[in-house]
Amino acid sequence: MNTKISENLNRILTFAKNYNPTIVAVTKYHTVDEMIEVYNAGLNNFGENRVIDAIEKINLLEEEIASNSHYHLIGHLQSNKVNKAVGVFDLIHSVDSAEIARKIDNVARQKNIVQKVLIQVNNAHEEQKFGIAPSHLESLIEDIGKLQNIKLEGLMTIAPLTDDTALIGKLFRQMYEMKEKYGLKELSMGMSNDYKIALQEGATMIRLGRILFE
């Protein structure tokens, strides 16, 4: 076992234990062998940005690990990848339009499953990032609510890359308030550089890559 990953995870868990979040190991830059090391260290939630890359890795995992793990699509979902993504990922974090929600619902209906999703919210209004503006959230929640084969679990956001911890805290707090307003279960926010702030502001899921593997 890679003691480095185990030591890193123990440090993370020491802080996170009072919050009991789902820790998603972001493995987009990492190998199948490293995924196995993470699994052996005690994590079985894996986050990938690209659909095809994720499927290739999952197919290389031994059956016991593959079947006992949960897969999260944390990157943008392109329309032409919906058919491949639905049913592979336990949770799609990045729904940002009614159009993509309808496509997910349609494919899920064809596969006779219900696909769990999060809505990605860009409450920092960063032009280079995906996600809807908070002002469009209620409308998208209503649209998803009309669909039968897609289940909205909660919200996701990516904070700006900044040293302004007060700003990050404010943005995360806004996300928590939106989650509560609409009675949602999950709040996916916080990465290696800001997961502690995210947990303090109500995250139920944190997505960790660098801090877990470095």
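Is Arg-210 buried, exposed or partly exposed? Arg-210 is partly exposed at a relative accessible area of 47%, where buried means under 20% relative accessible area, exposed over 50%, and partly exposed in between, with a 1.4 Å probe and protein chains only. This is a predicted model, in which local features need pLDDT of at least 70 and side-chain atom pairs count only at pLDDT 80 or more, while totals for chains, interfaces and linings use all residues. Residues are numbered from 1 along each chain as its sequence is written, and side-chain values use heavy atoms, with hydrogens and water left out. Helices (H or I, at least four residues) and strands (E, at least two) are DSSP runs, numbered from the N terminus.

**Helices and their buried faces**

- In helix H2, which covers residues 32-41, the buried residues are Val-32, Met-35, Val-38 and Tyr-39. Viewed down the axis of H2, these buried residues fall within an arc of 110°, so they line one face of the helix; the arc is that of the directions from the helix axis to the C-beta atoms.
- The buried residues of H2 pack against helix H1 (3-16), strands E1 (22-26) and E2 (45-48), and helices H3 (51-60), H4 (63-67) and H10 (210-213), contact meaning heavy atoms within 4.5 Å. Just after H2, Gly-42 adopts a positive phi of about 125°.
- Helix H6 (residues 98-111) has 14 residues and reaches 20 Å from its first C-alpha to its last, close to the 20 Å expected at 1.5 Å a residue; that expected span is 1.5 Å times one less than the number of residues in the helix.
- Within H6, Ala-98, Ile-100, Ala-101, Ile-104, Asp-105, Val-107 and Ala-108 are buried, and what covers them includes helix H5 (82-85), strand E4 (91-95), strand E5 (115-120), helix H7 (137-145) and strand E6 (150-156). Just after H6, Asn-112 has a positive phi of about 60°.
- In H7, the buried residues are Leu-137, Leu-140, Ile-141 and Ile-144. Seen down the axis of H7, they fall within an arc of 105°, so they line one face of the helix, and they pack against E4, H6, E5, E6 and helix H8 (165-181).

**Salt bridges**

- With a salt bridge taken as a side-chain nitrogen of Lys or Arg within 4 Å of a carboxyl oxygen of Asp or Glu, the count comes to nine salt bridges.
- Arg-109 and Asp-105 form one of them, with their closest N and O atoms 3.0 Å apart; because the two residues are four residues apart in helix H6, they are separated by about one helical turn. Arg-109 is partly exposed at 45% relative accessibility, whereas Asp-105 is buried, with a relative accessible area of 5%.
- Arg-173 forms a salt bridge with Glu-201, the closest N and O atoms being 3.0 Å apart. This pair links distant parts of the chain, 28 residues apart, with Arg-173 in helix H8 and Glu-201 in the loop between helix H9 (195-200) and strand E8 (205-208). Arg-173 is partly exposed at a relative accessible area of 38%, while Glu-201 counts as buried at 18%.
- Arg-210 meets Glu-214 through their side chains in a salt bridge of 3.5 Å, N to O.

**Two buried polar residues**

- His-72 is in strand E3 (residues 70-73) and counts as buried at 3% relative accessibility. Its side chain makes a polar contact of 2.9 Å with the side chain of His-93, a polar contact being a pair of N or O atoms within 3.5 Å, of which, within protein, one must be able to donate a hydrogen and the other to accept it, residues adjacent in sequence counting only if both atoms are side-chain atoms.
- Not counting residues up to four places away in sequence, His-72 touches residues including Val-24, Phe-46, Phe-89, Leu-91 and Met-205.
- Thr-157, in the loop between E6 and H8, is buried at 3% relative accessibility. A polar atom of the Thr-157 side chain lies 2.8 Å from the backbone oxygen of Val-121, and a polar contact of 3.3 Å joins the side chains of Thr-157 and Asn-123.

**Strand E8**

- Met-205 and Arg-207 point one way from E8, Ile-206 and Leu-208 the other way, and all are buried.
- E1 and E8 run parallel and are joined by four bridges, two strands being paired if DSSP finds at least two bridges between them; the bridge partner of Val-24 in E8 is Arg-207.
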